[in-house]
Structures are given as C-alpha cells and as structure tokens.
Amino acid sequence: MMSALEDYKRAPKRLKVSAEDDEELEEGEESDSASAGLVHDDEDEEEDEGQIRARRKDHASDTHHIAPSPVVHVRGLCESVVEADLVEALDKFGNICYVMMMPFKRQALVEFEEVESADRCVSCGSREAVYIAGQQAYFNYSTSKRITRPTNADDPNSGNKVLLLSIQNPLYPITTDVLYTVCNPIGNVQRIVIFKRNGIQAMVEFESVQNAQKAKAALNGADIYAGCCTLKIEYARPSRLNVMRNDNDSWDYTKPFLLRRDRGKGRQRQAILGEHPSSYSDHGYGSHCPLLPLPGNNRFKRSSHDIPEVVTYPLPQSSSYMSHTSSSVAMVSGLHPSKMNCAHIFNLFCLYGNIEKVKFMKSVPGTALVEMGDEYAVDRAITHLNSIKVFSKRLNVCVSKQHAVIPSQVFELEDGSSSYKDFAMTRNNRFTSAGQASKNIIQPPSCVLHFYNVPPCVSEDDLQRLCTQHDVPGFIKYKVFDAKPSSKTISGLLEFDSKTRAVEVLTVLNHYQIRIPNGSNPYTLKLCFSTSSHL
C-alpha cells in the first residue's frame, strides 16, 4: 500500500472543488440500489469474453448514457473511510491523480490519470465486488471529465504544505489545540488559523509538502469525534500562513518561548479524539479543554524518537476564551419580508442551540441578528442553515461582529409583529441543561420532520388541515409511532416533497399551540428534522 501512496503523493496535486461543483458532478449518476444491481451472480461470470464485452457496452449505454471519463463516482462507502483507503483499493487500476471526499454522502470522486484506468475500475466493479475499507463500493463514470482546480494546479511543482480543513457538523469546539493534536502526529505542524464565516474552516501549515500530503491522505473524511466534526481536506491557496497572535483561533508553533509538554501519538481513524471532548460538562467548556490521547495507527506510524515534543501554550483566561473573532450572535440575511418574523426565526434556529434574542435590522431590510447561547450554537446554525431556501429566498447565515443584541430601534414588521423579541426565559429552548441537550440530535434540514408532544386525539387529517390553515405545504406521507396505552402524547414522522417544504412547515408550525375540547392547557407541537431520509 505504501508504494501506491508514495506514487499518489508524488503526482501533481490539484486543488479545491466548490460545493456547487459537488452537486453538478453528481447529476446523472444512478442510485446505490441501481449500482448494486450491477453485481452479477456466478452464472454470469461463465460468459465468454465477447459476451462480457457486449454486456459492458450495454451497461455503459444504459447508465444514463454517461460517456467514459477519467473521473469515477464512488458510492456506498463506509463512514470510517479516508482518502488513503481509496488510494489503496483503486491504485491497482491505474495511477490516481486526485481524490475528493464527500463524507456525509458516503461518496467520493476519484480522478485517474488515464480514462483506461477509470474504465478498468468501472468494469471491474460491474463484474465483481470491489471492497474499500472492508465494505463493498459501487462505481460509475462521473459526468465531469475532470475535477476543476485553480489555474496553477497543472504545475507538477505546485505542491502546497498548507491544507484547508472544512469541519462538517461541528458539534464540539474546534480550537488550535484540537487541530494540532489531530494533525501533528502525521507531520510536524507549524501554524494553524481557524476562521468561521461559512461554517468552521481552518488552514494548517506543515513543515513540508510531503507531511501535508500524508496528512491529507490519512485524515480526509475522518471524524475528529465520533459521528461529528468530520474533516473534508483540500490544498489551500496560500503557501504560508501569517499568524498575528496565539490563541484558540490561530497559533504559530515555531515561536521559541512556548512551553513544551508530551502528548499522545498516532490517531484513531473514525473518531480521532474519541466520543466527545473530555471537558464537556453541564456548563459547557471551561477555559481549557484537556484532549484525549490518540491511539496508535499503523498507516503513518512514526517511531517514538521521530515524534517531536508537542508545542503547547499558556492556558487562556476564561474571560477571554470566547473573545476575538468568535461571537454568540449570528447575522441572518435573505429573510422573506412578510413571512419571516422573530418567532419563525426562533422555530428554526432553536434546533441548533438556545436562542436569547432576535432583532430585525431596520437599516438592512430582510436581515436579523440572532443571539444564541454560545458561539458553538452559532457555528452549528451556520453549518446547517447557511444557503438553505426558505419561502423562495436563500438564507445567508454568518458570524456577526456584534457580541450581543441590543433592543434598539424597535419597529413593526409587515405581519404586524415586533422586530425584537427576548426568548431567554421561554420553555421552548432545547439546550437549557446537559440532560435536555443530550436528547437533541443535531441534524441538517431534510424532507422528513419528526413531530412529538401531540395529543392522541389529533389525526393525520387534523395535521393536514393545520398545514392548510397556515398556508404551508402539506405532507405526502405520515407515520405515527406506537405509544403506550397510558401515554398522554403521540409522536411520528411527516415526509414532504422536498427539503425546502419541510423547512417552511417547521419554521411556521414548530411550537404551535394545539388546544383540545375541555382541555385546560394547550399542547405545544414540537418539530425537528428527522434522521430518516424518507418513509
């Protein structure tokens, strides 16, 4: 395997593909179930060479008429797969010049140097099972002939020692200490810069291009903590990082005055730092987060004398731990002028953290400030809500320069409600204690909503009428979970035509008060995004 990886690392590395390119590259690809049907039984393997060649030709014309391409779309990957696993499994078909991971989709794009190599990969996958990291994967040509890169990517000498890390589903804090612990066992880290405009991203500068290549192959697609904080790694454009100060968001490890201490070596592939940060408690994170030691790994294992002493730094004071570029206030723009108000923003954003205050900005129409419980709630909201469509308008969610929402210039919105509302004391916040927070599954928007806290007398037709009365789309499928005879409420799932429709229903109907005849208190309808993709 190591020789294949060395050849891959020496190949010219081509850089970043945008999120928009991800969607474009997947168009026309068949589903996993269709791919599974390409694996033939033992009788088919006894066909002569001419029959196999004819069947391959028919298969190529049947898969949505996708022409052969050096880029192969790989599906059905296991959750723990990393870039090095794909190189190890597919290098036998030909030289690989680039791999792009899509961890949450359990997919990847692999670009071979020659289209014949891609043809061998797709053809082999149609005849027999091909395993990647112990799980059968499925292959088809991509609709793209090449994964797009910046202009200098074709230069064989354009290797970069700076990596761009995108942290997906950042349920826990991502600091320089966390990233150093993850990356340094693979190769010496010199500088780290973390930025939080569109989700959580970081640039990590290694001592050499070779160290950066090893780190990308070993960590791309891995989870820092179990089931979250997934790494998507590309080469960055800058060749060197400039660090102005040492704190949780940036650090220069080449400074001579820093203290030194020992730390564990190696890494665990799927959950690099374990289940969760060891200092996570009922009160969030303290001024310092002790990190779990990393178990050894035989892929890029370094002997004990190869591992330098880990550079650490003085512990920050708790009062400054969340200062500098972090903020517990999110700025949301692209809001529909007549259909979005403070309550609707709360209904959507409360899925990712406690909401303190919401204020619409009079000077910037369609824009609001949302003060959340902490900066990590803002990070989660940005990760999952930025760029989604709500009422035909695309939201832009980013970190605000403000550190608190001040109730100034209060005015009336188009629907007659106030432009400012304080939610600090509402019982509908879902992260008020560690026990309550642990019941929330942080999910991106999906077309299936989970409903709960509904009185048993409410039927499917009642819920459909509720959607009609509030001018939001109706659901197409309904499922109610079995409840105990003594249960006072019911729960279930609602499936909608699209993710956008589900988001709109949740935005309007979450926390709707359901009153029943002869009932003393109303029931509060609770909605959240389901882990199910369909019913």
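The largest nonpolar core of this predicted model holds 57 residues, where a nonpolar core is a set of buried Ala, Val, Leu, Ile, Met, Phe, Trp, Tyr and Cys residues joined through side-chain atoms within 4.5 Å. Buried means under 20% relative accessible area, exposed means over 50%, and partly exposed lies in between, with a 1.4 Å probe and protein chains only. I345, L348, F349, I355 and L509 have the most contacts inside this core. Helix α13 (residues 499-509) gives the most to the core, with 6 residues. Helices (H or I, at least four residues) and strands (E, at least two) are DSSP runs, numbered from the N terminus. Contact means heavy atoms within 4.5 Å; on that basis, and not counting residues up to four places away in sequence, L509 touches L466, C467, H470, V472, L525 and L527. Another core, of 31 residues, lies apart from the largest one, with Y180, I186, V189 and I194 among its members.

Residues are numbered from 1 along each chain as its sequence is written. Local features need pLDDT of at least 70, and side-chain atom pairs count only at pLDDT 80 or more, while totals for chains, interfaces and linings use all residues; side-chain values use heavy atoms, with hydrogens and water left out.

For the protein as a whole, there are 13 helices and 26 strands. Of its 535 residues, 53% count as buried. Among contacts with a separation of 6 or more, 76% come from residues 24 or more positions apart.

Helix α10 (residues 375-385) is largely enclosed by the rest of the structure, because 10 of its 11 residues are buried. These are E375, Y376, A377, V378, D379, R380, A381, I382, H384 and L385. Their cover includes β8 (200-206), β14 (329-333), α9 (342-349), β16 (367-372) and β19 (396-399). In helix α6, the buried residues include S117, A118, C121 and V122. The 13 residues of α6 (residues 115-127) should span 18 Å at 1.5 Å a residue, and the end C-alpha atoms are 18 Å apart, which agrees; the expected span is 1.5 Å times one less than the number of residues.

The second largest pocket has a volume of about 470 Å³. On a 1 Å grid over the protein atoms alone, a pocket is an open set of points where a 1.4 Å probe fits, with protein on both sides within 12 Å along at least five of seven lines, and lining residues have an atom within 4 Å of a point. Of the 20 lining residues, R430, K439, N440, Y452 and C528 are the closest to the pocket's centre. Strands β21 (448-454) and β26 (526-529) each supply at least two lining residues, and β26 gives the largest share, 3 residues.

Strand β21 also contains H450. Leaving aside neighbours within four places in sequence, H450 is in contact with F481, S491, G492, L493, K526, L527, C528 and S530. The C-alpha atoms of H450 and V480, 30 residues apart along the chain, are separated by 9.8 Å.

Most residues other than glycine have a negative phi. N453 is partly exposed, with a relative accessible area of 27%. S392, in the loop between β17 (389-390) and β18 (393-394), also has a positive phi, near 65°, but counts as exposed at 66% relative accessibility.

Notes. Points joined across faces, edges and corners; volume = space filled by probe spheres on them.
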